[in-house]
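Reader: I would like a close look at one part of this chain. Please keep it brisk and go residue by residue.

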Amino acid sequence: MLVAGQLTFTATALATVIVALPFNRALRDAGGRDLGRLRRFAKVVLRGKDLPLDEVEARGAVRYARILPVAMQFQLAFTGLLYVGIAFQFVSAAIRGDLGVFPEVFLAAMVVLLVWAVPLTVRRIRRARRYVDLHAPAITDRSADGGLPRASR
């Protein structure tokens with residue numbers, strides 16, 4: 001039963017990554033595939049830095065902020081599903097007595113990492129949504145779809 005759970009959650013995690021690919025591509029496209037611009041968008045949108053943006057960059061930052069919450073929600077889903085799959089594997093190893101105390105230590109480390117990462121990601125999702133609420137009315141975005149990839153329309 002534990003192996004079936006492990007395979008189910010791991011396969012679902014991989015499916016989540018495949019479904020999220022268009023959103024990640026749309027994030028890169030929002031910055032014109034320029035890594036420096038994407039870093040600047042992340043600083044402005046997620047950290048609240050007051051960096052100067054020209055009109056094109058301001059529109060790109062709003063588009064980035066519109067897509068980012070969805071991409072980050074998929075990231076959270078992937079991480080959670082993958083961790084549950086790994087947890088099934090380590091619980092199975094702990095029950096069999098394989099690997100000594102390694103499964104218990106690894107499970108504890110996973111819990112600590114999740115307790116740190118999930119609230120951080122949720123805060124970033126809220127910041128991105130707040131950025132859109134504050135800046136989207138000021139930006140006249142000509143695209144009616146808000147920059148979302150085709151699969152989500």
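Is Arg37 buried, partly exposed or exposed, and what is its relative accessibility? Please take the salt bridges around it from there.

Author: Arg37 counts as partly exposed, at 25% relative accessibility. Keep in mind that this is a predicted model.

Start with its partner. The side chain of Arg37 meets that of Glu57 in a salt bridge, 3.9 Å from N to O. The cut-off for such a pair is 4 Å. Arg37 sits in helix H2 and Glu57 in helix H3, so this pair ties together parts that are 20 residues apart in sequence. Glu57 counts as buried, because its relative accessibility is 11% and the limit for buried is under 20%. Arg40 joins in as well: Arg37, Arg40 and Glu57 are linked in a network of salt bridges.

H2 covers residues 35-46. H2 and H3 pack at an angle of about 70 degrees, and their axes are 10 Å apart. The two are therefore roughly perpendicular to each other. The crossing of H2 past H3 is right-handed.

Arg59 is partly exposed, with a relative accessible area of 22%. Glu55 counts as exposed at 56%.

Look at the other neighbour of H3. H3 runs over residues 55-96 and H4 over residues 102-135. Their axes come within 9 Å and cross at roughly 165 degrees. That makes H3 roughly antiparallel to H4. H3 passes H4 in a left-handed crossing.

One more salt bridge deserves a line. Arg33 and Asp29 meet through their side chains at 3.1 Å, N to O. Arg33 is partly exposed at 49% relative accessibility. Asp29 is partly exposed too, with a relative accessible area of 42%. In total, the count comes to 4 salt bridges.

Val17, Ile18 and Leu21 make a nonpolar surface patch of about 250 Å². Leu21 lies in helix H1, residues 2-30. Its relative accessible area is 38%, so Leu21 is partly exposed.

Last, the whole chain. The secondary structure comes to 4 helices and 0 strands. Along the sequence the pattern reads α-α-α-α. Of the 153 residues, 29% are buried.

Methods:
Residues numbered from 1 in each chain as written. Predicted model: local features only at pLDDT ≥ 70, side-chain atom pairs only at ≥ 80, totals over all residues. Heavy atoms only, no water. Patch = residues over 30% accessible without salt bridge, like charges linked within 9 Å, V, L, I, M, F, W, Y side chains within 5 Å. Areas by Shrake-Rupley, 256 points an atom, 1.4 Å probe, with all protein chains shown as cover. Buried < 20%, exposed > 50% of the residue type's maximum accessible area, 1.4 Å probe, protein only. Axes fitted to C-alpha atoms, helices over the stretch in contact; angles between N-to-C directions. Parallel < 35°, antiparallel > 145°, perpendicular 65-115°, else oblique. Left-handed = near helix turned anticlockwise from the far one by under 90°.
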